[in-house]
Amino acid sequence: MVWLPILIKGCYFLAALLFILGLKRMSSPRTARGGIVWAGFGMLVAVLATFFLPDMHNLGLIVAAVLMGVGAAWWTGRRVAMTAMPQMVALYNGMGGGAAAAIGAVELIGYVRNMLLLHPAGIPDTSPLRPESWAVNALQPIPVVVPLSPIELSLGVLGALIGAVSFSGSLIAFSKLQGWLDKRFVFPAQRAVNLLLLAAAVVVGIMLASGHASLPLIAVFFALALLFGLMMTLPIGGADMPVVISLYNAFTGLAVAFEGFVLGNEAMIIAGTVVGAAGTLLTQLMAKAMNRSIGNVLFGSFGAAGGEAQAIDGAQKPIDAADAAVMMAYAERVVIVPGYGMAVAQAQHKVWEFAQLLIKRGVKVKFAIHPVAGRMPGHMNVLLAEAGVPYDLIADMDEINPEFPVTDVAMVIGANDVVNPLAKTDPASPIYGMPILDVGNAKHVIVVKRGKGTGFAGIENALFYADNARMLYGDGQAAAAELVNELKTLDA
């Protein structure tokens with residue numbers, strides 16, 4: 001059928017268009033849900049079109065894999081709590097990188113097979129790579145007919161390298177977010193070891209790309225790439241995890257785009273390029289928000305500052321919900337700073353109810369979001385949008401910081417490291433140099449916190465000991481509910 005290739009390419013074009021339009025709609029909380037639906041429909045179109053490609057093999061296995069993936073994603077997507085969404089994103093992102101690496105592996109093994117079939121005479125009879133040996137028989141189902149060009153081979157190797165790094169690194173990120181691993185793993189000469197691993201993987205990759213491919217060399221290449229992903233992620237502290245998730249998202253997109261070029265698949269090229277570009281831009285924004293360079297993101301030991309930390313004077317001063325509610329009820333300006341603790345307590349709806357009661361009393365209320373608040377970029381924005389907070393009440397760090405000196409009360413609920421003034425004053429602090437929300441500049445600060453524990457970076461917060469700060473201890477949702485009740489009592 002002459003028209004079938006044209007129809008397939010048309011479907012890929014439609015899918016790419018839906019990807020781009022869906023991503024555009026995701027830029028606003030008002031249209032984000034529709035954007036996800038558009039992008040998902042684009043993926044459905046691309047998958048269905050792929051089944052009609054010429055010379056498709058193992059359709060039964062492909063259908064089974066698709067059904068298994070859809071079933072697992074549907075089940076986990078409905079069951080995973082919002083607080084666990086970052087680690088699920090990290091895991092799924094790693095699966096994308098792993099898929100790209102697997103495509104690269106198949107292409108490289110297929111390249112070896114083709115070279116064996118084309119040049120069998122040059123291989124010794126005792127070699128395990130003889131065409132009549134196990135290698136050819138085992139690889140017979142691989143549908144590689146046309147040898148790869150040098151450019152395709154090079155891009156296949158590069159995509160496999162990036163995908164493997166993203167896969168293993170994302171698994172470590174998932175384990176850290178899930179609490180299965182320590183927050184950091186640091187050892188002497190770590191940066192040098194990481195650079196050596198990367199250099200070794202690149203050298204082996206160049207050997208593969210130059211045509212000197214063999215099964216043992218392919219195995220060494222993937223072992224080095226996977227090990228580098230592990231070693232690059234192990235030293236990263238929890239406070240920097242949003243940057244890591246964004247970085248590996250960009251890696252996965254680039255790997256998919258490169259492998260799409262090797263396969264001649266337009267949908268993979270466009271989708272991967274869009275994801276890679278968006279992830280790269282987001283990584284730059286996140287790194288800027290953390291005051292890190294991209295080089296430090298790749299090879300540094302995040303949050304591993306040395307030296308003796310500054311001593312914190314004073315004591316944490318508690319406040320009850322009734323006094324806190326009165327303080328905010330008669331304020332002119334209130335800024336609410338949400339963090340991961342709010343997500344854990346699922347308190348966003350009660351917090352918004354409390355904010356609405358303040359607004360009815362004539363209080364000017366805003367929500368302040370740090371770029372890396374939570375466990376992934378945009379985590380707090382998603383929670384507030386879920387609760388129905390209007391987008392024009394949500395301010396980013398650069399916008400809200402000048403307003404804190406004229407703010408009567410700043411209420412921090414669940415945030416810790418992103419409001420810690422030690423980031424500006426203590427060179428020995430793991431978060432030193434990170435831009436923060438200047439909550440301490442407000443006239444009064446109320447911190448809603450379950451207990452006296454430290455934040456994700458594992459350090460004390462000097463804000464909690466400040467003269468203008470008061471601690472409202474308790475679960476975030478319960479505390480917000482008490483504030484709502486006390487405010488309603490005042491209005492009664």
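Student: Which orientation do α6 and α8 have to each other: roughly parallel or oblique?

Tutor: Angles under 35 degrees count as roughly parallel, over 145 as roughly antiparallel, 65 to 115 as roughly perpendicular and the rest as oblique. The axes of helix α6 (residues 150-178) and helix α8 (residues 215-233) come within 7 Å and cross at roughly 40°. These axes are lines fitted to C-alpha atoms over the stretch in contact, with angles from 0 to 180 degrees between N-to-C directions. The pair is therefore oblique.

Student: What kind of model is this?

Tutor: Residues are numbered from 1 along each chain as its sequence is written, and side-chain values use heavy atoms, leaving out hydrogens and water. Local features need pLDDT of at least 70, side-chain atom pairs count only at pLDDT 80 or more, and totals for chains, interfaces and linings use all residues: this is a predicted model.

Student: Which handedness does the crossing of α6 and α8 have?

Tutor: A crossing is left-handed if the near helix is turned anticlockwise from the far one by less than a right angle, and right-handed if clockwise. The crossing of α6 and α8 is right-handed.

Student: How do the residues of the contact of α6 with α8 divide?

Tutor: Contact means heavy atoms within 4.5 Å. Among the contact residues are Val157, Leu161 and Lys176 of α6, and Phe221, Leu226 and Gly229 of α8. Ala, Val, Leu, Ile, Met, Phe, Trp, Tyr, Cys and Pro count as nonpolar, Asp, Glu, Lys and Arg as charged, and the others, Gly among them, as polar. The contact divides into 15 nonpolar, 4 polar and 1 charged.

Student: How is α8 placed relative to α9?

Tutor: The axes of α8 and helix α9 (residues 241-263) come within 12 Å and cross at roughly 160°. That makes the two roughly antiparallel.

Student: Which residues of α9 make the contact with α8?

Tutor: The crossing is right-handed. From α8, the contact uses Gly229, Met232 and Thr233. From α9, it uses Val244, Tyr248 and Phe251.

Student: How do the residues of the contact of α9 with α10 divide?

Tutor: The axes of α9 and helix α10 (residues 266-289) come within 7 Å and cross at roughly 155°, so these helices are roughly antiparallel. α9 passes α10 in a left-handed crossing. The contact divides into 15 nonpolar, 10 polar and 1 charged.

Student: How many helices and strands does the chain have?

Tutor: Helices (H or I, at least four residues) and strands (E, at least two) are DSSP runs, numbered from the N terminus. The chain comes to 18 helices and 6 strands.

Student: What share of the chain's residues count as buried?

Tutor: Buried means under 20% relative accessible area, exposed over 50%, partly exposed in between (1.4 Å probe, protein chains only). Of the 492 residues of the chain, the buried share is 47%.

Student: Is Leu483 buried or exposed?

Tutor: Leu483 lies in helix α18. Not counting residues up to four places away in sequence, Leu483 touches residues including Ala321, Phe354 and Met411. Its relative accessibility is 2%, so Leu483 counts as buried.

Student: How is Glu482 classed, buried or partly exposed?

Tutor: Glu482 lies in helix α18 (residues 476-491). Its C-alpha atom and that of Phe354, 128 residues apart along the chain, are separated by 9.5 Å. At 42% relative accessibility, Glu482 counts as partly exposed.

Student: What is the phi of Gln346?

Tutor: Gln346 is found in the loop between α13 (340-345) and α14 (348-360). Although Gln346 is not a glycine, its phi is positive, at about 55°.
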